[in-house]
Amino acid sequence: MADDPYDILGVKRTATQKEIQTAYRKLAKKLHPDLNPGNTASEEKFKAAASAYAILSDEDKRKRFDSGEIDASGADAPPKHYYRDYAGTAGQKDRYANAGGYADFGDGDDIFSSFFSRRAGAGGTARARGQDRHFAMEVEFLDAFNGIHRDISLPDGPPLDIRIPPGTRDGQTLRLRGKGDAGFNGGEAGDALIEIRVRPHPLFRLDGDDIRFELPISISEAVLGGKIDVPTPSGPLHVTLPAHSNSGKVLRLKGKGAPKRDGAHGDLFLTLKILLPEKADAALSDFVRDWQAGKAQAPRRTMGV
């Protein structure tokens, strides 16, 4: 079936949420209109992929689609009727036969009145839900981390104040109920689906719920340790640096990582990197030259050289 969301994303019906997300991101990066300007076919495929992901990424909607309760657009599927539900069985009077031996349309509970009762308005035009509209928005790493309110204007719509929750991840979709295309003949409006794209940060890197970054320290700080100021996504912190800290040592700041859905936070991991002074220091050079213990050190002895 061409509009089956599993077929559109190219995943099996048993796919995990992670596999579904990976498949969608791969298609989105390939098909997004910003990367294919003027390519109508690519834009339509991108919209189809986004609609499919909106169904399959939502556990409740996925179950309802799998069970046939909703269709690939997210609209309620019409009830299924089968001939056997209405045909008379042996020994029973045909419910559609009248005394004159001709078949009648049944009363209000038969298949025909069920069909016509779902039609509304002049000319028997059925109600239809409006189409969802798909957009993309770029946000800064720190705004996604801490959360932010944004004023946006959708095409043909009034300005909106939307909230990007703390801990929003790259590729997540915000749903604005009723902000899509208008419904037909009184049907409900579709939704606006906004895919969030988080710009990379020059220092911080997201690793699941944790944040990692490389922290430069001076020779004095590495040798002597002490209190130092450390930048974090939520603001500077005073951190105690252990004396005799080597490059590559990792410090863990518990609960200073990305916000989780349950209100908790991941951790922040700092990887230390010792930096020499930008300009050569004669006193430092003289000290190292005469430092006998330093000459006896063999940092590469475990490498066989």
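The stops below go from the whole chain to single strands and residues.

**Whole chain**

Bear in mind that this is a predicted model. Start with everything selected. The chain holds ten helices and eleven strands. Of its 305 residues, 29% count as buried. Now show the surface. The accessible area is about 20,100 Å², and carbon and sulfur atoms supply 53% of that. Among contacts with a separation of 6 or more, 50% link residues 24 or more positions apart.

**Stop 1: Glu19**

Select residues 17-31. This is helix α2, and Glu19 lies in it. Is Glu19 buried, partly exposed or exposed? Its relative accessible area is 44%. Glu19 is therefore partly exposed, as that value falls between the 20% and 50% cut-offs. Leu9 and Glu19 are ten residues apart in sequence. C-alpha to C-alpha, the distance between them is 9.8 Å.

**Stop 2: the three-stranded sheet**

Select β1, β5 and β4. These three strands form an open sheet, in the order β1-β5-β4, with mixed pairing. Why do β1 and β4 each have a side without a neighbour in the sheet? Both stand at the edges, β1 at 133-139 and β4 at 173-176, and each has a single partner strand, so one side of each is left without a neighbour.

Now zoom in on β4 and β5 (residues 192-198). The two run antiparallel and are joined by four bridges. In general, strands of a sheet pair through backbone hydrogen bonds. Pick Arg175, then look across to β5: Leu193 stands opposite.

**Stop 3**

Select residues 250-253, strand β10. Show the side chains. Which residues of β10 are on the covered face, and which on the uncovered one? Leu251 and Leu253 make up the covered face. Val250 and Arg252 make up the uncovered face.

Click Arg252, then find its bridge partner in β11, Phe269.

**Stop 4: a nonpolar patch**

Select Phe287, Val288 and Trp291. Together they make a nonpolar surface patch of about 300 Å². Trp291 sits in the loop between α9 (282-289) and α10 (292-296). Its relative accessible area is 39%, which makes Trp291 partly exposed. The tour ends here.

Technical notes
Residues numbered from 1 in each chain as written. Predicted model: local features only at pLDDT ≥ 70, side-chain atom pairs only at ≥ 80, totals over all residues. Heavy atoms only, no water. Buried < 20%, exposed > 50% of the residue type's maximum accessible area, 1.4 Å probe, protein only. Pairing = 2+ DSSP bridges. Contact = heavy atoms within 4.5 Å. Areas by Shrake-Rupley, 256 points an atom, 1.4 Å probe, with all protein chains shown as cover. Patch = residues over 30% accessible without salt bridge, like charges linked within 9 Å, V, L, I, M, F, W, Y side chains within 5 Å. Salt bridge = Lys/Arg side-chain N within 4 Å of Asp/Glu carboxyl O.
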